[in-house]
Amino acid sequence: MPTESPEALLRRHGMQVTAQRLAVLRAASERPHSTADDIDKVVRAELGAISRQAVYDALAALSEKGLLRRIQPAGSPARYEDRVGDNHHHLICRNCGRMGDVDCAVGETPCLIAADDSGYEIDEAEVIYWGRCPECLAAATTSSSSQGAGTRGEHRRA
Ligand SMILES: [Zn+2]
Ligand SMILES: [Zn+2]
Ligand SMILES: [Zn+2]
């Protein structure tokens, strides 16, 4: 990925360079897959005098211009990241909500080749793999071994 300064990135997308936008971009870059709330906390800790609405507006504007990618998993708040334009996919843990990146196949994007595209020109496939992260899996294994093995799926700790 070519490294471009955030200022240059904003200008290239025809956006005014503001302290808010720079702080939001930096927060999303340092903590990929953050929620708007997370980013709001980071940015306000850094800039102080900024309203929640201004942070949300900056997020919306940056997503609309394609500088940030907004991921909206079912049943969870939207997350933001600055890794855009590479059609990568996501892993989400059903248990703790942790999210990770998964590259699409290198060199090709098989998920963009639909069996039947119905005449659409497809440019993106939103793929989310749901499951359990290694930590939750390990925790489930250790806790279920004490109360009998074989419990899978809906095994939640209160
Ligand atoms: Zn987990
Ligand atoms: Zn991602
Ligand atoms: Zn793919």
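Axes here are lines fitted to C-alpha atoms, for helices over the stretch in contact, and angles run from 0 to 180 degrees between N-to-C directions. I took helices (H or I, at least four residues) and strands (E, at least two) as DSSP runs, numbered from the N terminus.

**Entry 1. Ground rules**

I am working with a predicted model, in which local features need pLDDT of at least 70, side-chain atom pairs count only at pLDDT 80 or more, and totals for chains, interfaces and linings use all residues. Residues are numbered from 1 along each chain as its sequence is written, chains are lettered from A and ligands numbered from 1 in the order in which they are written, and side-chain values use heavy atoms, with hydrogens and water left out.

**Entry 2. Helices α2 and α3**

I looked up the packing of α2 and α3 and found an angle of about 130°, with the axes 9 Å apart. Angles under 35 degrees count as roughly parallel, over 145 as roughly antiparallel, 65 to 115 as roughly perpendicular and the rest as oblique. The two helices α2 and α3 are therefore oblique to each other. I noted a right-handed crossing where α2 passes α3. A crossing is right-handed if the near helix is turned clockwise from the far one by less than a right angle, and left-handed if anticlockwise.

Next I listed the residues that meet, contact being heavy atoms within 4.5 Å. From α2 come Ala-19, Gln-20, Ala-23, Val-24, Arg-26, Ala-27 and Ala-28, and from α3 come Ile-39, Val-42, Val-43, Glu-46 and Leu-47. Sorted by class, the contact of α2 with α3 has nine nonpolar residues, one polar and two charged. For this sorting, Ala, Val, Leu, Ile, Met, Phe, Trp, Tyr, Cys and Pro count as nonpolar, Asp, Glu, Lys and Arg as charged, and the others, Gly among them, as polar.

**Entry 3. Ala-28**

I then followed Ala-28, which sits in helix α2 (residues 19-30). Is Ala-28 buried or exposed? Ala-28 is buried, with a relative accessible area of 0%. Buried means under 20% relative accessible area, exposed over 50%, and partly exposed in between (1.4 Å probe, protein chains only). Leaving out residues up to four places away in sequence, Ala-28 touches Ile-39, Leu-68, Glu-81 and Asp-82. I also read the C-alpha to C-alpha distance from Ala-28 to Asp-38, which is 9.2 Å for residues ten apart in sequence.

**Entry 4. Helices α3 and α4**

Helix α3 (residues 36-47) and helix α4 (residues 52-64) pack at about 120°, with their axes 10 Å apart. The pair α3 and α4 is therefore oblique, and the crossing of α3 and α4 is right-handed. On the α3 side I wrote down Ala-36, Asp-37, Ile-39, Asp-40, Val-43 and Arg-44, which meet Arg-52, Val-55, Tyr-56 and Leu-59 in α4. The contact of α3 with α4 has six nonpolar, no polar and four charged residues.

I checked one residue from each helix. Asp-37 lies in helix α3 and is partly exposed, at 34% relative accessible area. Beyond four places in sequence, Asp-37 touches Arg-52 and Tyr-56. Ser-63 belongs to helix α4 and counts as buried, at 18% relative accessibility. With residues up to four places away set aside, Ser-63 touches Leu-68, Arg-70 and Tyr-80.

**Entry 5. Two positive phi angles**

His-33 has a phi near 70°, positive in a residue other than glycine. I placed His-33 in the loop between α2 and β1 (34-35), where His-33 is buried at 10% relative accessible area. Asn-87, not a glycine either, has a positive phi of about 55°. Asn-87 is in the loop between β3 (79-81) and β4 and is buried, with a relative accessible area of 11%.
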